[in-house]
Amino acid sequence: MELDDQFRRYFGTSDLATLTPAALAAGTEHMRVAFGLEKDRNRRFALWTLMHMLGVAPDLDIAFAAPEDRDAARRFMEMTERIDED
């Protein structure tokens, strides 16, 4: 998955700074639906990470049934927090 491709898929543009609040809300809702329907574990995790970066990801216990997926998501969250601290 290319990040720009995902932005275009859900928001119609790769430049999120140009989105209206309504377009951002519609795109994030589209992502939530896609996340709920996604069966491929890796694609689901990738979509969750994008949602997390946008601040719209579901809680880990709702998003992932497998403990190892929740652990991987926690590690991802910790890594992004360290980047934000720098």
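Author: Begin with burial: buried means under 20% relative accessible area, exposed means over 50%, and partly exposed lies in between (1.4 Å probe, protein chains only). Glu 38, with a relative accessible area of 23%, is therefore partly exposed. This is a predicted model, in which local features need pLDDT of at least 70, side-chain atom pairs count only at pLDDT 80 or more, and totals for chains, interfaces and linings use all residues. Residues are numbered from 1 along each chain as its sequence is written, and side-chain values use heavy atoms, with hydrogens and water left out.

Reader: Which residue does Glu 38 meet in a salt bridge?

Author: Side chains of opposite charge can pair when their charged atoms come close. A salt bridge is a side-chain nitrogen of Lys or Arg within 4 Å of a carboxyl oxygen of Asp or Glu. Glu 38 meets Arg 43 in this way, at 3.7 Å from N to O. Arg 43 is partly exposed, at 34% relative accessible area.

Reader: How many salt bridges does a search of the whole structure find?

Author: The search finds six. One of them joins Arg 41 and Asp 69, whose closest N and O atoms are 2.7 Å apart. This pair links distant parts of the chain, with Arg 41 in helix H3 and Asp 69 in helix H5, 28 residues apart. Helices are DSSP runs (H or I, at least four residues), numbered from the N terminus. Arg 41 is partly exposed, with a relative accessible area of 45%, whereas Asp 69 is buried, at 14%. Shared partners join Arg 41, Glu 68 and Asp 69 into one network of salt bridges.

Reader: At what angle do H1 and H3 pack?

Author: Two packed helices are described by the angle between their axes and the distance between the axes. Axes are lines fitted to C-alpha atoms over the stretch in contact, and angles run from 0 to 180 degrees between N-to-C directions. For H1 (residues 3-11) and H3 (residues 41-53) the angle is about 80°, and the axes are 12 Å apart. The two helices are therefore roughly perpendicular, a term for angles of 65 to 115 degrees. Contact means heavy atoms within 4.5 Å. Here it involves Leu 3, Gln 6, Phe 7, Arg 9 and Tyr 10 of H1, and Arg 43, Leu 47 and Leu 50 of H3.

Reader: Where does Phe 76 lie, and is Phe 76 buried or exposed?

Author: Phe 76 lies in helix H5 and is buried, with a relative accessible area of 17%. Leaving aside neighbours within four places in sequence, Phe 76 is in contact with Trp 48, Thr 49, His 52 and Met 53.

Definitions and conventions. Angles under 35 degrees count as roughly parallel, over 145 as roughly antiparallel, 65 to 115 as roughly perpendicular and the rest as oblique.
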